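Here's a quick, friendly tour for anyone opening this structure for the first time. Have a look at it before reading on.

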Amino acid sequence: MDEIGFEGWARAVSPRLVRLATLLTGEPHEGADVVQDVLLACYRSWPRISRLEHVDAYAAKMVVNRHLATARSRGRRTRRETLAAVPEAHPGPEHRIADRDALTRALATLGEKQRTIVLLRHVEGLSDAHIAAALGCSVSTVRSQSSRALAHLRAALTSGSPT
């Protein structure tokens, strides 16, 4: 990781981290603030962090932890109604917009922990072990919460109206 340096790594990973943070916070500006704080922390510790085997996964864990700390310190749950403002990772054909909006609304109905697990697994591609470490729970909790969340999403998307 030292070959590309902090700046190259930060440019490459920032869009994914901002997307994750925006999905977690429900607010594009809050997501960007979380990532800015995380990148600053990474910069300060870059000599140590750059030697890690999974630097991107570590940064994603930092985003989750920063989001959870911010949400706790404010004493409130995240706002979910603005999740529709999340930028697409890969813009697709216009006919997919309705599907994306339905999925966004369904994700917003999940609890904080379930939504975080689904996003870390399916958006960030983290393993159950990495997710468990990031959330401070067991791997079996990650698996059971993921299963429940996906069942809820399937039901919400097949019924046509997320509940």
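## Where two helices meet

Let's start with the contact between H1 and H2. On the H1 side, the residues involved are Phe6, Trp9, Ala10, Ser14, Leu17, Val18, Ala21, Thr22 and Thr25, and they meet Pro28, Glu30, Gly31, Val34, Val35, Leu39, Cys42 and Tyr43 in H2. Sorted by class, this contact of H1 with H2 has 12 nonpolar, four polar and one charged residues. Keep in mind that what you're looking at is a predicted model.

How do the two helices pass each other? The axes of H1 and H2 come within 8 Å and cross at roughly 140 degrees, and the crossing of H1 past H2 is right-handed.

## A closer look at H2

H2 covers residues 28-44, which makes 17 residues. From its first C-alpha to its last, H2 reaches 25 Å, close to the 24 Å you'd expect at 1.5 Å a residue.

Which residues of H2 are buried? They're Glu30, Gly31, Val34, Val35, Val38, Leu39 and Cys42. Several of these also turn up in the contact with H1, including Glu30, Gly31 and Val34.

Search the whole structure and you'll find four aromatic pairs. In one of them, the rings of Phe6 and Trp9 have their centres 5.9 Å apart and their planes at 45 degrees, so this pair counts as tilted. Phe6 and Trp9 sit three residues apart in helix H1 (residues 5-25), so about one helical turn separates them. Phe6 is buried, with a relative accessible area of 15%, and Trp9 is buried too, at 2% relative accessibility.

Trp9 has another partner as well: its ring and that of Trp46 have their centres 5.1 Å apart, with planes at 35 degrees, so this pair is tilted. Here Trp9 belongs to helix H1 and Trp46 to helix H3 (residues 46-49), so the pair ties together parts that are 37 residues apart in sequence. Is Trp46 buried or exposed? With 10% relative accessibility, Trp46 counts as buried.

## Putting the rings together

Step back and the rings make up a group: Phe6, Trp9, Tyr43 and Trp46 form one aromatic cluster.

Notes
Residues numbered from 1 in each chain as written. Predicted model: local features only at pLDDT ≥ 70, side-chain atom pairs only at ≥ 80, totals over all residues. Heavy atoms only, no water. Helix = DSSP H or I, 4+ residues; strand = E, 2+ residues; numbered from the N terminus. Expected span 1.5 Å × (residues − 1). Buried < 20%, exposed > 50% of the residue type's maximum accessible area, 1.4 Å probe, protein only. Phe/Tyr/Trp six-rings, centres within 6.5 Å; stacked < 30°, edge-to-face > 60°. Axes fitted to C-alpha atoms, helices over the stretch in contact; angles between N-to-C directions. Left-handed = near helix turned anticlockwise from the far one by under 90°. Contact = heavy atoms within 4.5 Å. Nonpolar A, V, L, I, M, F, W, Y, C, P; charged D, E, K, R; others polar.
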